[in-house]
Amino acid sequence: MSTPATRCGVVAIVGRPNVGKSTLMNHLIGQKISITSRKPQTTRHRIHGILTRDDHQIIFADTPGIHRGEDRALNRSMNQAAVSALADVDVVCFMVDALKWTEADEHVLSLLRRVNVPVVLVVNKVDALEDKERLLPHLAFLGEQMSFADVVPVSALGGHNLKALETTLVKYLPEAEFWYDEDQITDRSLRFMAAEMIREKVFRQLGQELPHQITVEVELWEDSPTVTNIAAAILVERRGQKKILIGAGGDRIKKIGTEARHDIEALIERKVMLTLWVKIRSGWSDDERALRSLGYD
Ligand SMILES: Nc1nc2c(ncn2[C@@H]2O[C@H](COP(=O)(O)OP(=O)(O)OP(=O)(O)O)[C@@H](O)[C@H]2O)c(=O)[nH]1
Ligand SMILES: [Mg+2]
């Protein structure tokens with residue numbers, strides 16, 4: 001008797017900023033892999049989350065929200081990361097909001113019309129709809145925009161209808177052996193994930209006070225028998241931003257450090273000593289070379 005074939009392939013999750021792409025990937029995998037926040041443009045790099053079941057393995061590619069304008073090097077590289085994630089995938093999840101349709105969605109749609117693989121429309125945040133009757137006409141409107149392989153309304157945050165989404169996606173995956181070990185959940189290193197968790201806390205702590213041009217570099221990672229020592233620098237563009245980040249009497253940076261440490265401890269399942277400091281790197285987001293040195297390409 002031959003063993004039943006497994007399915008395995010890559011599903012890109014694309015959409016405008018803030019529709020809930022990273023939240024969806026995290027919920028599907030069941031662990032925080034990609035950072036999320038209320039601010040648009042939280043995700044900066046393509047990041048894989050790997051979901052393995054008995055008979056299938058789905059490799060999700062979470063991508064930066066695609067947006068127009070603001071021709072800075074960082075924005076260009078984020079858009080490129082999202083668009084290049086559309087090449088060599090088996091399925092695309094086009095994520096939109098259950099309430100809003102904007103020019104940015106229109107722009108993503110125009111890119112997707114050129115894609116040769118099935119595009120599944122994922123309509124997110126249905127939990128936020130007060131008047132559920134608005135959903136049907138909205139779905140009808142969306143269905144007219146392009147011929148989608150399937151349309152699946154979900155709540156990424158509440159976990160609503162995610163099993164149905166998974167079943168839908170598996171239909172479009174090729175029969176193939178698994179690419180990754182069953183216990184691997186991402187293609188990124190622990191060091192990268194730790195830096196991202198710190199960046200998430202900065203985003204969440206600072207709301208609208210800080211522009212997006214901050215980045216985090218892990219400068220030291222040392223395992224001792226009882227604890228992992230991690231030191232990281234938060235890079236900002238201006239002195240004023242450094243002051244905001246540190247806060248009165250160092251309050252802010254302390255809070256960021258404590259929250260990030262908890263997340264990193266959960267991630268690596270070890271006790272962590274985290275040291276953070278803030279450095280000024282003027283204009284780095286406009287400098288492609290500096291971006292490359294930080295791993296954006
Ligand atoms: N009510 C509700 N909020 C959601 C849902 N999914 C995501 N959100 C919220 O939407 C905001 C953005 O979520 P993210 O997952 O960071 O969005 P994203 O599409 O990855 O954003 P970028 O990385 O900036 O492109 C967060 O505040 C989430 O909590 C949902 O199903 N319902
Ligand atoms: Mg994201």
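Which residue has a backbone N or O atom that lies 2.7 Å from an oxygen atom of ligand 1? In this predicted model, where local features need pLDDT of at least 70, side-chain atom pairs count only at pLDDT 80 or more and totals for chains, interfaces and linings use all residues, side-chain values use heavy atoms, with hydrogens and water left out. Residues are numbered from 1 along each chain as its sequence is written, while chains are lettered from A and ligands numbered from 1 in the order in which they are written.

The residue is Thr42, and its contact is a polar one (a pair of N or O atoms within 3.5 Å). Polar side-chain atoms also reach oxygen atoms of ligand 1, from Lys21 at 2.7 Å and from Thr43 at 2.8 Å. The protein covers 89% of the 660 Å² of accessible area that ligand 1 has on its own, as computed by the Shrake-Rupley method with a 1.4 Å probe.

Around ligand 1 there are 21 residues (each with a heavy atom within 4 Å of it), of which Lys21, Thr23, Gln41, Thr42 and Asp127 come nearest. By class, this shell has five nonpolar, 12 polar and four charged residues, with Gly counted among the polar ones. Helix 1, residues 21-29, gives the most to the shell, with three residues; helices here are DSSP runs of H or I with at least four residues, and strands are runs of E with at least two.

Elsewhere, strand 7 (residues 215-223) and strand 8 (residues 227-236) run antiparallel and are joined by eight bridges, where pairing requires at least two. A hairpin of three residues connects strand 7 to strand 8, and Val216 stands opposite Ile234 in strand 8.

Key: A polar contact is a pair of N or O atoms within 3.5 Å; within protein, one must be able to donate a hydrogen and the other to accept it, and residues adjacent in sequence count only if both atoms are side-chain atoms.
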